[in-house]
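User: Could you walk me through this structure, starting with the aromatic rings and then moving to the overall shape?

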Amino acid sequence: MRRVLVSVIALAALAAAAVPAQADASPFVRYGIQDDAWLEYGPGTLDARVGELRELGTDVVRVTLNWRQIEPRKGADSWTRSDAVLRSLHAHGIAPLVTLYGTPRWANGGRSENWAPTSKWTFAGFARRVAKRYPFVRLWTIWNEPNQRRWLRPTSPAVYTQRLLNTAYAAIHRASPHSLVAGGVTAPRASSGGVSPVAWIAGMKKAHARLDAYAHNPYPLRRGETPMSGGCDHCTTITMATLPRLLTDVRRAFGARTRIWLTEYGYQTNPPDRFLGVSYAAQARYLAEGALRAYQAPRVDILVHYLVRDEPTVGRWQSGLFNVRGIAKPAAAAFRMPLTVVARHGLRTTLWGQVRPGGRSTFRLQQFRGGGWRNVGAYSASARGSFRRTVRAGAGARFRIWSPVLHGASPAVVVR
């Protein structure tokens, strides 16, 4: 369920021309990161780490607030950790996307944190207190991957909707009327003892779920799957490659006005993971393709990359933009300046990319020829930092973005 994104991918040209954005695009999609452990315990100071995320062009940072850790004893809230993290993000102009998760023992009969509370009112009270304490937080998700047994028990869309989602939705909106609350937050597959995301969406509808957005974690399920292809169209799993299935099912269940948030996504790399990882170059390429996939999809507003830095144990997540020693993978540059091929018809190649963070800026599109990088043209990105250009280029041509503001280049993209 992850992969990393390295990009030395493709595109050549002699002339370049602006192309209008697609009518079905989601031009306001925001791109973010989640890495709770690195954010709280990584090297340097918290403000320095948040500043690094800002320099990467991060719009949103997903943060988990664990109810069990905040209120281990009933009525004894501890806000030290959440105060520091959320207020630092707010001070740096990064929107926190807060996930509420984890039941204290006193609220679920002494069971592990993945067991739902016995009373919906206890979770409602927690959600209300969090929303009142952090009025600047406007983006919320309720639980994480509740369709898998390891994250929620009983693993039931009715239990999730009635004891967690609906009660938190009402409490947060009373405390913070302008907030948006996402439900679902589903894993791409059921796993042992779980429920498929397709069945979960249907179950939430039957239980009368209340939500402003549907959140999903569209990780790939095998190493050969890309953001654009390789998924199973006839299965009840939902990955980035089968994103249209998610859009269709959510629209049918909750209506065309319900937004889509893709709250975890990424590819592990090899090295260090020899079994699940892709090459550094593939990670960067898939990162850029995933960004385009989200941009093109109607109603998708958020895409969150997981993680910032590889975890030290190889058996865990290796999908970081940086390796365990803090050395940048090509994916770090791809996150800051994604560039990919939209389509090629003969010598007519269309490229899409971004220069993050958003804001109108001038960049140079460059082609590798004659032994070096040559400017194809200087262009201005949109207010959200994105651009779309058509160039004259055939298979094998290589392109990159050069940003004088960021003093750096994207990974190269190769036209195929």
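Analyst: Rings of Phe, Tyr and Trp (its six-membered ring) are taken to pair if their centres lie within 6.5 Å, and planes under 30 degrees apart count as stacked. Please keep in mind that this is a predicted model.

User: How many aromatic pairs turn up in the whole structure?

Analyst: Searching the whole structure gives 19 aromatic pairs. One of them is Tyr-214 with Phe-254, whose ring centres are 6.2 Å apart and whose planes meet at 15°, so this pair is stacked.

User: Which parts of the chain does that pair tie together?

Analyst: Tyr-214 belongs to strand β7 (residues 213–216) while Phe-254 belongs to helix α9 (residues 243–254), so the pair links parts that are 40 residues apart in sequence.

User: And are Tyr-214 and Phe-254 buried or exposed?

Analyst: Tyr-214 is buried, and Phe-254 is buried as well.

User: Which residues do ring pairs link into a cluster?

Analyst: The cluster is made up of Trp-67, Tyr-101, Trp-106, Phe-123, Phe-126, Trp-143 and Trp-151, which are linked by ring pairs.

User: What sits over the ring of Tyr-31?

Analyst: That is the charged end of Arg-356, placed 4.0 Å from the centre of the Tyr-31 ring. There is also Arg-398, which lies over the face of Phe-368 at 4.2 Å from the ring centre.

User: Switching topic, what about Thr-263, where does it lie?

Analyst: Thr-263 is in strand β8 (residues 259–265), and with a relative accessibility of 0% it counts as buried. Its side chain is joined to that of Asn-217 by a polar contact of 2.7 Å.

User: Which residues does Thr-263 touch?

Analyst: Leaving aside residues up to four places away in sequence, Thr-263 touches Gln-34, Arg-62, Leu-97, Thr-141, Val-185, Ala-215, His-216, Asn-217 and Val-304.

User: Now the overall shape: what radius of gyration does the chain have?

Analyst: The chain has 21 Å, which agrees with the value near 22 Å that a compact globule of 416 residues would have. Along the principal axes, its C-alpha atoms fill a box of roughly 70 × 45 × 40 Å, and the chain contains eleven helices and 17 strands.

User: What share of the residues is buried?

Analyst: Buried residues account for 60% of the 416 residues. The chain exposes about 16400 Å², of which carbon and sulfur atoms supply 52%.

User: And among contacts between residues at least 6 apart in sequence, how many join residues at least 24 apart?

Analyst: Of those contacts in the chain, 73% join residues at least 24 apart.

Terms used. Residues are numbered from 1 along each chain as its sequence is written. This is a predicted model: local features need pLDDT of at least 70, side-chain atom pairs count only at pLDDT 80 or more; totals for chains, interfaces and linings use all residues. Side-chain values use heavy atoms; hydrogens and water are left out. Rings of Phe, Tyr and Trp (its six-membered ring) pair if their centres lie within 6.5 Å; planes under 30 degrees apart count as stacked, over 60 as edge-to-face and the rest as tilted. Helices (H or I, at least four residues) and strands (E, at least two) are DSSP runs, numbered from the N terminus. Buried means under 20% relative accessible area, exposed over 50%, partly exposed in between (1.4 Å probe, protein chains only). A charge sits over a ring if NZ of Lys or CZ of Arg is within 6 Å of the ring centre and within 35 degrees of the ring normal. The radius of gyration is taken over C-alpha atoms; the globule rule is 2.2 Å times the number of residues to the power 0.38. Contact means heavy atoms within 4.5 Å. Accessible areas come from the Shrake-Rupley method with a 1.4 Å probe; for residues, only the protein chains shown count as cover. A polar contact is a pair of N or O atoms within 3.5 Å; within protein, one must be able to donate a hydrogen and the other to accept it, and residues adjacent in sequence count only if both atoms are side-chain atoms.
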